[in-house]
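Subject: Model handover

Hi,

Here is the model we talked about. Please load it first, then read the notes below.

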Protein chains: 2
Amino acid sequence: MATIKDVARLAGVSIGTVDRIIHNRGRFASGTARRVKQAIQDLDYTPDIRARNLSLSRKCRIAVLMPSGEQDSGYWQLPLGGMKRALAELASSHVSADFFHFDRYNAETYRAAFARMSESEYDGYIVAPLLAAETEKMFEDIYQNKPVVFFDTDIKSAPRYSFIGQNSKDAGRLAAKLTNLMTRGCKKRIVAVTPDAENEHLLYRLDGFTEKAELPVTIFRLPAEGKALKNRLEELKGLIREEVCAVYVTDSSAHVIAELLEREKLSDRVNLLGFDMVPDNVSYLQKGVIDFILTQRPVDQGVLSIQTLYKKVIIGTDSEDEQFLPIDIITLENMKTFADGRF
Amino acid sequence: MATIKDVARLAGVSIGTVDRIIHNRGRFASGTARRVKQAIQDLDYTPDIRARNLSLSRKCRIAVLMPSGEQDSGYWQLPLGGMKRALAELASSHVSADFFHFDRYNAETYRAAFARMSESEYDGYIVAPLLAAETEKMFEDIYQNKPVVFFDTDIKSAPRYSFIGQNSKDAGRLAAKLTNLMTRGCKKRIVAVTPDAENEHLLYRLDGFTEKAELPVTIFRLPAEGKALKNRLEELKGLIREEVCAVYVTDSSAHVIAELLEREKLSDRVNLLGFDMVPDNVSYLQKGVIDFILTQRPVDQGVLSIQTLYKKVIIGTDSEDEQFLPIDIITLENMKTFADGRF
DNA sequence: TGCCTTTGCGTTTACGTTAACGCAAAAGCG
DNA sequence: CGCTTTTGCGTTAACGTAAACGCAAAGGCA
């Protein structure tokens, strides 16, 4: 491997000159530049990253703005775990992160977390921009000179460096295909359960599903918690008992329906399909109450978010504008190959 | 982040002494060692890998011994691609590899490739040890002082550093579950097509399948090529036409059966399930002739093989003895999320 | 011609770690 | 007691790159 010294020798100049020409900094004669560039080509010279970073003593301080881990049945623990793992691996490369959590159903906490984050300056930002309206303007200033990565949800109108996530419509279509398979011969309906709160990518999961489903689909909205939830579940129970052969849940709360099915001894007759390997879902999958879980590798999303900023800030290489992860199908038989938390 | 200088200052010694104590090299007084270790603890000091590697000017030359890319319907291109990608990313960290390919159906070429590989010395080895009997002894000497990674197939009796691959029995079970789903209501049989040649992990894929299949399974052995293959296919055709509702193929050659089904217009009536996203399989999946493809992330296997050696040789951290990858289920609806070659 | 500015480039230090080298003090030995 | 050996530890060069600094030569101007 050629070093900057070899280049300098071949071009007949000093390493300082080579460095200046590489970085287009300071002053140099155009003829010299040509010779140096030729030498770089001839020797196939690439700077040694280790030496570069050592010399720059670059650090990468990252700010992460996301919901607290427990929300959505513990879903956010998954990307969080991925980030922590990636950070541990990159710790000796001077990559570190501060986490700012908010309540995704409370815009005020989002703004507060953002404010706390803004107190220091970071080299890069990772954000789950769940509150579209609030996010639009927030990152405009920051984006001027620091990379901002969105994960989970994309906001096309907001400025960002890269998006890491899922293609939700395809996920819905896939769910429909599996549901069709399971309900072959069944003459009743499918219930699609989706949260009360508006969320763009859950809408896509519904759209894709209804597009491909071969049985009639009844959409059933469910509040997040409390008495309203209880009442609605009671209603749902009646519906399921009578005329339903499968239930599709668009978010990570399939375990709520699973509990209902189990209690009412409906689980043999009614197929259930949901999203995300949160602990409650995993245990109902294991019992056979949930038939399929789809995921979009939330842990990998976390890992990739950190790595994307590391590459940008420390190595200096750019990533794709959109980074989609595969949609995985998980069932009783392959769950344990996913289960060690690495996926 | 604390440096060795800080440690030295706190312990009241020079950096040379600290270094000697860290590496347990040369001579030092036991009292000094205690003080230095305390200081390391107090400051939470970890050596900077970049500086360490720069100083050691460590290189990692890797030898890869595997079948040539075209074999097995182009399967080996997949891990090969993963290795190339990982190598490209690590190029400026002085990781490089030489590839030695063989014909997996010809033991002589395996030995020849091994001999060529043995002409130089490498810092690490990646091997697809498909010929169990030959491999047993081969790596004993090498393993004495260099890490050897097996991928795809494990040989428990041979010495190795780590294995990267799949749990084949689980894959078979999963295949059975999906086949059961697809053939619900069908009263005929399933044909399990498997290559003539002996291969341990294909046996496991059969075992797992027959264990969980709900219909009777007929095992049908297929030669690799030539006239024998043609005759056997003719035979298979008769079998399928009469009394079969699904075909399960244990290796990457599902496309051979797919072609047969398509030609004989049997694809609507007979379900087909196979392994590996090789180009031919992908196109039959797209046409709907193949219903499901299972994979064990061959590309990731390649990436992980390189990374495992990089971590061992350059960073100095050990990996697990066995590294299993998740079993993925791929169908028409989620195939495009896998299709960009990154998975 | 003398002085000042600009241009082009070489020199040097720093980044943090490793490891060779060698010096002083202590210990061993006749 | 004087000599050699051992012990303990400090100093230093090297890894490859970045960037500040400053020197010499050339050019500009009166």
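A salt bridge here is a side-chain nitrogen of Lys or Arg within 4 Å of a carboxyl oxygen of Asp or Glu. Keep that cut-off in mind for the pairs below. Note also that this is a predicted model.

**Salt bridges between the chains**

K311(A) and E89(B) make one such pair, with N to O at 3.5 Å. The rule finds eight salt bridges across the interface of chain A and chain B. Over all chains, the count is 49.

E333(B) and K177(A) form another salt bridge. Their closest N and O atoms are 3.7 Å apart, so the pair falls within the 4 Å limit. This pair also crosses between chains. K177(A) sits in helix α10 of chain A. E333(B) lies in the segment after β12 (328–330) of chain B.

**The interface as a whole**

How many residues does each chain bring to the contact? Chain A gives 42 residues, and chain B gives 42 residues. Between them the two chains bury about 3900 Å². Carbon and sulfur atoms account for 57% of that area.

Which elements of chain A supply at least two residues each to the side that touches chain B? They are α4 (49–56), α10 (168–182) and β12 (328–330). Of the elements of chain A, α10(A) gives the most to that side, with seven residues. By class, the side of chain A that touches chain B has 18 nonpolar, nine polar and 15 charged residues.

**The cavity**

The structure holds one cavity of 30 Å³ or more. About 210 Å³ of space lies in the largest cavity. Its lining takes 19 residues. Nearest its centre are D72(B), R104(B), H201(B), L202(B) and D251(B).

Which helix provides the largest share of this lining? Helix α11 (residues 200–212) of chain B does, with three residues. The lining of the largest cavity divides into seven nonpolar, five polar and seven charged residues.

**Where to look**

For the cavity, start with the lining residues from helix α11 of chain B.

Best wishes

Definitions and conventions. Residues are numbered from 1 along each chain as its sequence is written. Chains are lettered from A and ligands numbered from 1 in the order in which they are written. This is a predicted model: local features need pLDDT of at least 70, side-chain atom pairs count only at pLDDT 80 or more; totals for chains, interfaces and linings use all residues. Side-chain values use heavy atoms; hydrogens and water are left out. Contact means heavy atoms within 4.5 Å. Buried area is the accessible area (1.4 Å probe) that two parts lose on being put together, summed over both. Helices (H or I, at least four residues) and strands (E, at least two) are DSSP runs, numbered from the N terminus. Ala, Val, Leu, Ile, Met, Phe, Trp, Tyr, Cys and Pro count as nonpolar, Asp, Glu, Lys and Arg as charged, and the others, Gly among them, as polar. On a 1 Å grid over the protein atoms alone, a cavity is a set of points where a 1.4 Å probe fits but cannot get out, and a pocket is an open set with protein on both sides within 12 Å along at least five of seven lines; lining residues have an atom within 4 Å of a point. Grid points are joined across faces, edges and corners, and a volume is the space filled by probe spheres set on the points.
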